[in-house]
Amino acid sequence: MEDVLSDDAAETGSFEPVSAARRRKGARTGAARERAVMAGLAVALVALAAVSLTVGTYDVSLPEMGRVLWDWLTGSSTAHDKATVVLLTIRAPRILLAALVGAALAASGAAYQGMFRNPMVSPDILGVSNGAAVGAALALLLGLPSLVVHGLSFVCGLGAVLLVMAVARAVGKGGNTLTVMILAGVVMSSTFSALLSLVKYVADPDDALPQITYWLMGSFARSGNDVNVLVLAAILVVGGGALLLMRWRINALSFGEEEARTLGVDVKRTRTVVILAATLLTSATVCLCGTIGWVGLIIPHIVRLVVGPNYRALLPVSLLGGACFMLLVDDVARIIVPGELPVGVLTALIGAPLFIYMLVKGRKEWL
C-alpha cells in the first residue's frame, strides 16, 4: 500500500498513513459537531421554557415574566399576585414535567433501539404502556385516590416487562432471546389491551369512563405539580444516569451479541440493566401523565440523522431533543384549541405521518 502522508501529518510531524490521519481528523470534527448540537439544544431548551411560561389562556408578557422571576429570586414576590400564581404555581411545574417526560421517553426509546438493533423500536415494545394503562384504568374504575392511581399504574407497567423478561428467559434458552422477547412483548401488549377494553366496558359511562379515556390520551393538565416533578426528576436521574453510564455497552450491543462479548461486555447483565432502566423511565411517565406515544420512536431517529449512531452523543442529545420537542408540543396543545388538546393526540398526529414517511423513504436496515 502506498504510504502517502496527509498535510496535517506533515505539519505535526506525525508519520501516520492518510487513512489514519483522516480518521483522527474526522473524529475531532464529529466531536466538535456533537458539542455544538448539545449546546444548541441546551440553549433552545432554555428559550422554549421561557416562551412556554408566557403561553396560555392568561397572557403574560416577557417583561412581566422577568419581573415575577426576579421577585421570586430576590424573595420579594407576592403570593397573591395573579401573574405570580399563574407562572410559579401552575405553569412552571407543568413545563418542568413536560421537559422531563420528553427527555425520559426519548432516552428510553434510544436505549431500546440500540439494544434491539432497530431504529423503529419504541419504548412500549415490551408492553409497559399497556400494562401501566391497565393499572391506572383499574384504579380509576374503583375510584381510588390519585396517588394510588399513579402507584398501581407504575407497578403494572414494571410488572408487564418483568413478565416478558421471564417468558423470554424460559423460552429463549439456546435461541434468539431478542426475538422471543419481542414476541412476548407483543403477546403481553395484546393481553393488557384486552384487559383495558374490559375495564372500559364495565366502567360507568357518566363517571369512570370519561376519566379513563382522558387519562389514556395523555396530558399534563392534572399532573403538573411539585411532587410529580420531583418524583420524575429523581427517576430520570436514576434511570437516565444508568443509561448514560452504559453508553459504550449499548454501542457494543448495537453491533450484535457476539461482537459485544468479544469486547468484554456481559451481554445478559447489560441487557437486563438497560431494559430495567428504560422501563423505569417509560413506566414513570405513563403513570404520571398517561400514554404519550411516538416520542421515543421519532426523536432518537431524528437525532441519529444529526449526530450519528454513536451513543456517546446519541443518548444525551436524545434527552435534550426529547425535552425540547415535548415543550413545543405542549405549547401547541395549550393554544391550538380553546381549553387544551391532550398532548398524546398531538404526538400521534406528528409521529404517524413521520413514521409513514420513513417507511416510504426508508432504508432497508430500518425494517
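This is a predicted model: local features need pLDDT of at least 70, side-chain atom pairs count only at pLDDT 80 or more; totals for chains, interfaces and linings use all residues.
Reader: What is the closest cysteine sulfur to that of Cys287, and how far away is it?

Author: The closest one belongs to Cys289, at 8.0 Å, which is too far for a bond. A disulfide would need the two sulfur atoms within 2.5 Å.

Reader: Is Cys287 buried or exposed?

Author: Buried, as its relative accessible area is 5%. Cys324 is buried too, at 8%.

Reader: Now helix H8. Which of its residues are buried?

Author: H8 covers residues 208-217, and its buried residues are Ala208, Ile212, Trp215 and Leu216. Down the axis of H8 they fall within an arc of 100 degrees, so they line one face of the helix.

Reader: Why would residues spaced like that point the same way?

Author: An α-helix has 3.6 residues a turn, so residues three or four places apart point the same way.

Reader: What covers the buried residues of H8?

Author: The cover includes helices H5 (128-141), H6 (146-171), H7 (177-202) and H12 (267-289).

Reader: And which residue follows H8?

Author: Gly218, with a positive phi near 80 degrees.

Reader: Different topic. How do the axes of H9 and H14 cross?

Author: At roughly 150 degrees, with the axes of H9 (residues 226-245) and H14 (residues 311-335) coming within 9 Å. That angle makes H9 roughly antiparallel to H14.

Reader: Which residues make the contact?

Author: H9 contributes Leu236, Leu243 and Leu244, while H14 contributes Leu315, Pro316 and Leu319.

Reader: How many polar or charged residues are in the contact of H9 with H14?

Author: No polar and no charged residues; the contact has six nonpolar ones.

Notes
Residues are numbered from 1 along each chain as its sequence is written. Side-chain values use heavy atoms; hydrogens and water are left out. Axes are lines fitted to C-alpha atoms, for helices over the stretch in contact, and angles run from 0 to 180 degrees between N-to-C directions. Helices (H or I, at least four residues) and strands (E, at least two) are DSSP runs, numbered from the N terminus. Angles under 35 degrees count as roughly parallel, over 145 as roughly antiparallel, 65 to 115 as roughly perpendicular and the rest as oblique. Contact means heavy atoms within 4.5 Å. Ala, Val, Leu, Ile, Met, Phe, Trp, Tyr, Cys and Pro count as nonpolar, Asp, Glu, Lys and Arg as charged, and the others, Gly among them, as polar. Buried means under 20% relative accessible area, exposed over 50%, partly exposed in between (1.4 Å probe, protein chains only). The arc is that of the directions from the helix axis to the C-beta atoms.
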